[in-house]
Amino acid sequence: MMFIPKKTVPTNITEEAVTPPIFLSARGSLKTVRDFLRFAVSRFNEAELFFGHGSDNAYDEAAYLILYTLHLPLDTLEPYLDAQLLPEEQDHLLDLIERRVVERIPVAYLTQHAMQGEFEFYVDDRVIVPRSFIYELLGEPLRPWIEYDELIHHALDLCTGSGTLAIQMAHYYPDAQIDAVDISLDALEVASINIDDYGLRQRIQLIHTDLFDGLENTYDLIISNPPYVDEESVKNLPDEYLHEPTLALGSGKDGLDITRKIINQAAQFLNPNGVLLVEIGHNRDVLERAYPNLDFVWLDTSGGDGFVFLLTREQLEANQLMNQENSVE
């Protein structure tokens with residue numbers, strides 16, 4: 001284990017790519033925000049890009065890339081559509097559009113910026129682009145299990161990545177001290193940047209370890225958005241996902257290797273009435289077959305009710321006891 005200091009490392013260094021002729025023609029021809037928006041949408045659609053890192057269509061992704069790059073409000077496009085760009089702005093923006101098309105780099109890596117809910121974070125290719133549903137469930141949605149937010153004194157974020165969920169936990173649970181764990185030193189360096197940006201160094205401790213290994217605390221709330229892509233799906237991921245760390249995506253043949261470890265070990269790290277919250281992607285059916293005696297609570301998210309499950313310490317202990325009894329028989 002170790003505490004990770006803030007460290008900034010250059011990112012997005014890629015091998016040289018050939019510029020398509022249409023991008024050469026565009027230089028000097030595109031003048032306004034409207035010009036660049038139209039051009040970007042056309043190129044994104046023409047290239048049949050995959051959208052899954054913050055937007056789900058060419059227009060929204062192009063608008064975000066343009067507004068963020070030009071330091072304009074992300075929710076205000078209309079007043080600026082006919083504004084003319086300086087030559088330096090034109091060149092920089094065209095370079096980013098080209099890299100998105102030719103190299104299939106997610107926009108979050110190009111801008112080194114990502115949104116999760118109302119929170120903004122630094123990201124680069126040392127971490128996956130934040131897109132967990134868990135942030136939607138913190139606070140009020142957990143009220144049936146956590147009556148008051150002030151009851152969370154110690155919390156744990158397993159597989160913290162860029163630290164986004166740990167930071168959002170600190171927001172929703174103001175009395176909580178939070179441990180944020182990851183096996184990747186690279187990821188923890190990015191998390192350190194975000195924790196410093198939010199001024200949470202005194203409340204969030206970064207720990208370099210593999211899941212629960214070496215942890216000494218017990219917790220009122222444990223959350224995790226672990227790797228959960230199954231072996232077959234990893235082989236068929238769109239190019240955009242290949243820019244993300246492989247370590248943070250795949251988890252064995254059925255995608256549940258890490259989730260099994262969490263379920264099998266979490267009880268001893270939860271306080272009485274403690275809650276475990278885990279995201280597992282599209283693996284609900286596989287998980288329920290693997291644990292027929294566990295009554296998973298599936299929580300509603302913007303993606304549906306099959307992506308994040310909740311279990312209490314008491315449920316996990318009862319499952320362990322039943323397994324022990326069955327093994328004796």
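At roughly what angle do the axes of helix H3 and helix H4 cross? Let me start there. Helix H3 covers residues 58–69, and helix H4 covers residues 87–102. Their axes cross at roughly 145 degrees and come within 10 Å. Axes here are lines fitted to C-alpha atoms, for helices over the stretch in contact, and angles run from 0 to 180 degrees between N-to-C directions.

A word on the source. This is a predicted model: local features need pLDDT of at least 70, side-chain atom pairs count only at pLDDT 80 or more, and totals for chains, interfaces and linings use all residues. Residues are numbered from 1 along each chain as its sequence is written, and side-chain values use heavy atoms, with hydrogens and water left out.

Back to the helix pair. Two packed helices are described by the angle between their axes and the distance between the axes. H3 passes H4 in a right-handed crossing. Who meets whom? On the H3 side, Glu61, Leu65, Ile66 and Thr69. On the H4 side, His92, Leu93, Leu96, Ile97 and Arg100. Contact means heavy atoms within 4.5 Å. By class, this contact has five nonpolar, two polar and two charged residues. Ala, Val, Leu, Ile, Met, Phe, Trp, Tyr, Cys and Pro count as nonpolar, Asp, Glu, Lys and Arg as charged, and the others, Gly among them, as polar.

Now the loop between H3 and H4. Leu81 lies there. Leu81 is buried, at 7% relative accessible area. Buried means under 20%, exposed means over 50%, and partly exposed is in between, with a 1.4 Å probe and protein chains only. Leaving aside neighbours within four places in sequence, Leu81 is in contact with Thr32, Val33, Arg34 and Leu37. Leu81 and Ser42 are 39 residues apart in sequence, and 16 Å apart in space, C-alpha to C-alpha.

Next, the strands. Strand E6 runs over residues 219–224. How many of its residues are buried? Six of six, so E6 is mostly covered. Four bridges join E6 to strand E3, residues 154–158, and the two run parallel. Five bridges join E6 to strand E7, residues 270–279, again parallel. Strands pair if DSSP finds at least two bridges between them. Look at Ile222 in E6. Ile222 is the bridge partner of Leu156. Ile222 also stands opposite Leu276 in E7.

Two loop residues have a positive phi without being glycine. One is Gln112, at about 55 degrees. Gln112 is in the loop between helix H5 (107–111) and strand E1 (114–116), and is partly exposed at 27%. The other is Cys159, with phi near 60 degrees. Cys159 sits in the loop between E3 and helix H6 (164–172). Cys159 is partly exposed, at 21%.

Finally, the whole chain. It has 11 helices and nine strands. Those are DSSP runs numbered from the N terminus: helices are H or I, at least four residues, and strands are E, at least two. The radius of gyration is 22 Å, close to the 20 Å that the globule rule gives for 329 residues, so the chain is as compact as a globular protein of that length. That radius is taken over C-alpha atoms, and the rule is 2.2 Å times the number of residues to the power 0.38. Of the 329 residues, 50% count as buried.

Notes: Left-handed = near helix turned anticlockwise from the far one by under 90°.
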